[in-house]
Amino acid sequence: MSLELALLVLESVLLIFTILILLYSIKEGRSRSRLLTEIDRAARTFTRLEYFLVVVDSMTDAKSEVRGVITGRPPSGGDVKRTKDIISAIEKSAGAGVSLKYILPRFQDRLKIGHQYKNAGAEIRYITCPSMHDLRYMTVDNDVSIIGLPEKTGDKEATKKGYRVVSEGLTHIFKQYFEECWASAIDYDQYLLEVIHHTNASPKQLAQELGLEEAEVARVWDKQNAKD
């Protein structure tokens, strides 16, 4: 066999081998694309705005209960309207007989959101626990979990994205953890009274500091005085 013929055969073999690798890569790429699509369907990543919309929609769809662990940060900017939408959803769900419970970290500036959610029909409790300060999730009935994630760790960091996962197993885990924390938390009135005692401020001064109505602080103040 001449050198030219040998090189031609070798070139042909390499070409065939290259085509086979290319075909395999295309097939593998399609399989990988299908896998990513399935993962995306199972746990879609939501932007901040989508996250709030999903929270409101899920609360509206609730049949029996909503459980939430939230940061309770005072809203600002566009979050003011989003918070109003959530409060409206709480009112509608509570009016339909849905049980709503939320746990917030024990920070004084979280009393305002607690007050608003409580007035809308939810049960509110506060807890001191480092792992709760930047944790945020909500369960709806027995099979839906909505998880909110900040861009970086911290109780003052806003939720930047989230996931909605339909899973009885995951929801059960979240609900079990929620109930354990709920049992050791204190209710809204207890926490507000604790803050009143620690600050020794007048109802008017404290109301201004916390962003609450003076009548709300006076209500808890008078309630304690009546007991004494």
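User: Where is Lys-118 found in this model?
Analyst: Lys-118 sits in helix H4. The model is a predicted one.

User: Why does Lys-118 count as partly exposed?
Analyst: Its relative accessibility is 32%. Buried means under 20%, and exposed means over 50%. The value for Lys-118 falls in between, so the residue counts as partly exposed.

User: Which residues is Lys-118 in contact with, leaving aside neighbours within four places in sequence?
Analyst: Ile-124, Tyr-188, Asp-189 and Arg-219.

User: What makes H4 and H6 roughly antiparallel to each other?
Analyst: The axes of H4 (residues 111-120) and H6 (residues 188-199) cross at roughly 150°. Angles over 145 degrees count as roughly antiparallel. The pair is therefore given that name. Their axes come within 11 Å, and the crossing is left-handed.

User: Which residues make the contact?
Analyst: H4 brings Leu-111, Gly-114, His-115 and Lys-118. H6 brings Tyr-188, Asp-189, Tyr-191, Leu-192 and Val-195.

User: How do these residues divide into nonpolar, polar and charged?
Analyst: Five are nonpolar, two polar and two charged. Gly counts as polar, while Asp and Lys count as charged.

User: Which residues have the most contacts inside the largest nonpolar core?
Analyst: Met-59, Ile-90, Tyr-102, Leu-111 and Tyr-117. This core has 42 residues. A second, separate core has 10 residues, including Val-69 and Ile-147.

User: What does Met-59 touch, not counting residues up to four places away in sequence?
Analyst: Met-59 touches Ile-86, Ala-89, Ile-90, Ser-93, Leu-100, Tyr-102 and Met-138.

Methods
Residues numbered from 1 in each chain as written. Predicted model: local features only at pLDDT ≥ 70, side-chain atom pairs only at ≥ 80, totals over all residues. Heavy atoms only, no water. Axes fitted to C-alpha atoms, helices over the stretch in contact; angles between N-to-C directions. Helix = DSSP H or I, 4+ residues; strand = E, 2+ residues; numbered from the N terminus. Parallel < 35°, antiparallel > 145°, perpendicular 65-115°, else oblique. Left-handed = near helix turned anticlockwise from the far one by under 90°. Contact = heavy atoms within 4.5 Å. Core = buried A, V, L, I, M, F, W, Y, C linked by side-chain atoms within 4.5 Å. Buried < 20%, exposed > 50% of the residue type's maximum accessible area, 1.4 Å probe, protein only.
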